[in-house]
Structures are given as structure tokens and as C-alpha cells.
Amino acid sequence: MSETWERAIIHADMDAFYASVERLDDPSLAGLPVIVGGLGPRGVVATASYEARLHGVHSAMPMARARRLCPQAQFIQPRSSRYREISRAVFDVFMTFTPLVEGLSLDEAFLDVTASQRLFGSPRAIGQSVKDQVLRATGLTISVGVAANKFLAKLASDMDKPDGLFVMEPNRVREFLDPMPVAGMWGIGRRTAPKLKRRGILTIGQLRRAEPEVLADVLGQRSEHYRRLARGEDDREVIPRRPARSISKEITFDASIDDPSELLAELQRQAEDVSKRLRERTLLAGTVTVKLRDDTFKTVTRSRSLIAPSNSTRTVYRMARALFENWRREHRSTALRLLGLGVSGLETESLYAHDEGEAADTPSGRSIDRVADEINRRFGASGIVHAQTLRRNR
Ligand code: TTP
Ligand code: MG
């Protein structure tokens, strides 16, 4: 098996990352269920070791529920600086294979190893070496998916988790994809899946073979995009960059503003910008922050977690508006010289969305966002904005 692939992409993702780091630093946790997350009354699970997952514990679950499901677990507050340190070591390993490393989050990246084949061998050999070197550098396991593009590599890394190595041979993509359920496929939510089902489209294979009219009927202009994915085609490039820890936008006004509707219009515009950048990177945000500076240069920030991680303009805007209005109740008619909106607690959007993730974002809200993104891509950034932003522009 020494043939060279035309394009070779790796998706690599650490196993139960925070929990594994905790276990690395405290060997007495070996073999025990470990749950890392907020330990306060409103805390949520960041991650659970695979032992704890057997009891049904998973990320984003309220900690109180995790305690009921798995009372015998070790509960640990996250130590983010330690996770960042390990993350740097992991990314240093990635960089020894290729400079084309696109960090998605602390524990996850795409690597374009097309040109690495001459130096490091077959795509499978490279995938195995990545695993070996990460283990050597950190003592931790990582799951690796190897495929011809990002879409497939991301699916592949999940196939064999934990400590997986799954190579999706280019000539076997169809047999792999065809039986997978189309429900929940990236961008196909609760609204669309039943419509496809009514037309007999339950699997990715059925979507691939569907009549063009039938598909267009349900998916509209996006139908060709989905058909390409269903064929296993995806030409998105690996863009070298470090994972973002937060995304934000702020503005300093020429003259301070106290009119709340003007300030809200600015927040709406910032929510559009920030959530569009989240969607471009297929990220979800867990926390929204607004930043406010008055004429005396007093600066405050107000943050709150979302019920479920989101990248919807509407959800991000609503939370920012609530934070702003809370602040305003205590500071009537204070003029602002600076207003900003940021999101943090970023994580990657998986192909198959959690049910909880869908609850906060209605499918219609999501598709409005996607249509707006598409139009803006074609006609430039000023193509589509929400009505409130327009009011401010005039
Ligand atoms: P993931 O890679 O999604 O999860 P994981 O590494 O814990 O487990 P898996 O083996 O399935 O890859 O996320 C990486 C880390 O990001 C995770 O260890 C903790 C953090 N995280 C949160 O804080 N909140 C979340 O909702 C998720 C999904 C992750
Ligand atoms: Mg992981």
C-alpha cells in the first residue's frame, strides 16, 4: 500500500481531552469515571471520560444530572491553562508533519498531508505516526481520521474513537457513506429530515440518488451542495491557523450614543458579524459577552452562557440584547463611547448535532442565517443585513 493520494487530509481529535489530562496529572484516577465541568449549582459537564459516558454522561449536560447518573465519578473543575499547555505540545507535533494545520479547538485540527507523503509515507503511515508522536510527547491518545477531504476526514476520526485510526480509502467512500442516516447531517435539521423522509430519503445514499426535482423541492438551492457531500465531495481547503479562543467585534463611536435603539442596532450588526465568523469556521459559542464604555472611560463587561452552544445570529443577538438591557436598567440614559460583542467557550460543530443543540436554535433561524451567508458571499458583505441594522445605517 504505497500508492500516493491526490489529496490526503487528516482530522485529529484528542480523546476525552480534559478528562484525559486530569488523569495524566493524577494517576490515582486511572480506570475511574472522571467528569470535568463546572461544580457550582448551575454547572455543566465539559467532558466525561469514556467510563462515565457508559452511564449516559456527556458534554453540555447539567452537572446535577451527571451526578445522578454517575454518582461514583470523580468530579473535577476545569484547569484551562493546563489544557492550553498540552494543546500547544499537540500542535507542535502536528506542525512536524505539515505547516498546513487548521486548529479548530484546543484538541482538534485538520492537517493537509498531501505533500507530506513523499517524506512520511502513505496516508495511513502518517496517521499512525501522528498518533505515536502525540502519545510520546504528551502521554495521551488521539483519534485520527484519514480521507481525501475535510468532510470525510472529520467523519473518519469519529469512527474508531477512542485511540482510533480510521483510513477512508478513496475508492470505498460510497459504501461507507451510503448507509449513514441523513437526519442531522450538517445543516439538515429537525424540519428538513422529516420532509426528506416523506420522500423516502433516509440515508445519505438515498439522497445521493434522489431525483433532482425531488431534492430541489426540499432543499432548494442548497440541493447540489448536499448532493456533493453525499457523493463524498468537498473541496474546502485546510487554512493554516491556530484555534480561536474567542471572536469579537467592537466599535468606538465618533460621538457617544445614548439612544437604545441605535445601540441595539449596532449590537445586531455585531451579532451578524460574529456569528457569521463562527459559521465560517463551523464553530459554536457557549458564552456571549457585551462590553460597554461610558464617557468617563469606565468599562464593564457582562457575560452569560447560552442554554446550548450556538452560532445563530438570532441567538447571539438575543443574549447580547438581554445583557445590554440588564445593564441599561441600572444605568438609564448613560451614553456609550464604545460598544462590543464577543463570544467564547468555542467548540466545533459536529456533523451530527446534539438534540440539545437544536433546541436553542430553530431550524428556520439557522436557514435564514445560511441564506444570508450565501448571498453575502456572492454579492459582498452588504448584501443582506437584518432590518434593525439597516435602520442604523440610514
Ligand atoms: P471534544 O473533542 O468534543 O470532546 P472530548 O475530547 O472530551 O471527547 P472525544 O473523545 O469525544 O473527542 O471537546 C474537547 C474538549 O473541549 C473537551 O475535553 C472539553 C471541552 N468541551 C467543553 O468544554 N464543552 C463542550 O460542550 C464540549 C463538546 C467540549
Ligand atoms: Mg476530543
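Which residue in S4 is the bridge partner of Val 36?

Guide: The bridge partner of Val 36 in S4 is Ile 76. This is a predicted model, in which local features need pLDDT of at least 70 and side-chain atom pairs count only at pLDDT 80 or more, while totals for chains, interfaces and linings use all residues. Residues are numbered from 1 along each chain as its sequence is written, chains are lettered from A and ligands numbered from 1 in the order in which they are written, and side-chain values use heavy atoms, with hydrogens and water left out.

Strand S2 covers residues 34-37 and runs parallel to S4, to which three bridges join it. Helices (H or I, at least four residues) and strands (E, at least two) are DSSP runs numbered from the N terminus, and two strands pair if DSSP finds at least two bridges between them. The open sheet has three strands in the order S3-S2-S4, with mixed pairing. Its edge strands, S3 (45-48) and S4 (74-76), each pair on one side only. On average, neighbouring strands of this sheet are turned by 25° against each other, direction ignored. Helix H1 (residues 17-25) packs on the sheet and touches S2, S3 and S4, a contact being heavy atoms within 4.5 Å. The direction of H1 makes about 115° with that of S2; axes are lines fitted to C-alpha atoms, for helices over the stretch in contact, and angles run from 0 to 180 degrees between N-to-C directions.

As for confidence, the chain has a mean pLDDT of 89, and 88% of its residues reach 70 or more; pLDDT is the predictor's confidence in each residue, from 0 to 100. Over residues 353-362 the pLDDT is below 50, and this stretch has 19 contacts in the model beyond near neighbours in sequence.

Buried means under 20% relative accessible area, exposed over 50%, and partly exposed in between (1.4 Å probe, protein chains only). S5 pairs with strand S6 (residues 108-112) in the antiparallel sense over four bridges. A hairpin of two residues joins S5 to S6, and Val 101 stands opposite Leu 111 in S6.

In strand S10 (residues 283-294) lies Thr 287, which is buried at a relative accessible area of 18%. Leaving aside neighbours within four places in sequence, the contacts of Thr 287 include Ser 303, Arg 304, Gly 342 and Val 343.

Ala 60, in the loop between helix H2 (50-53) and helix H3 (63-69), has a positive phi near 75° without being glycine, and is partly exposed at 40% relative accessibility. Phe 297, in the loop between S10 and strand S11 (299-310), likewise is not a glycine and has a positive phi of about 70°; at 51% relative accessibility, Phe 297 counts as exposed. Pro 162 lies in the loop between helix H7 (150-159) and strand S8 (165-167), and the peptide bond from Lys 161 to Pro 162 is cis, with omega near -10°.
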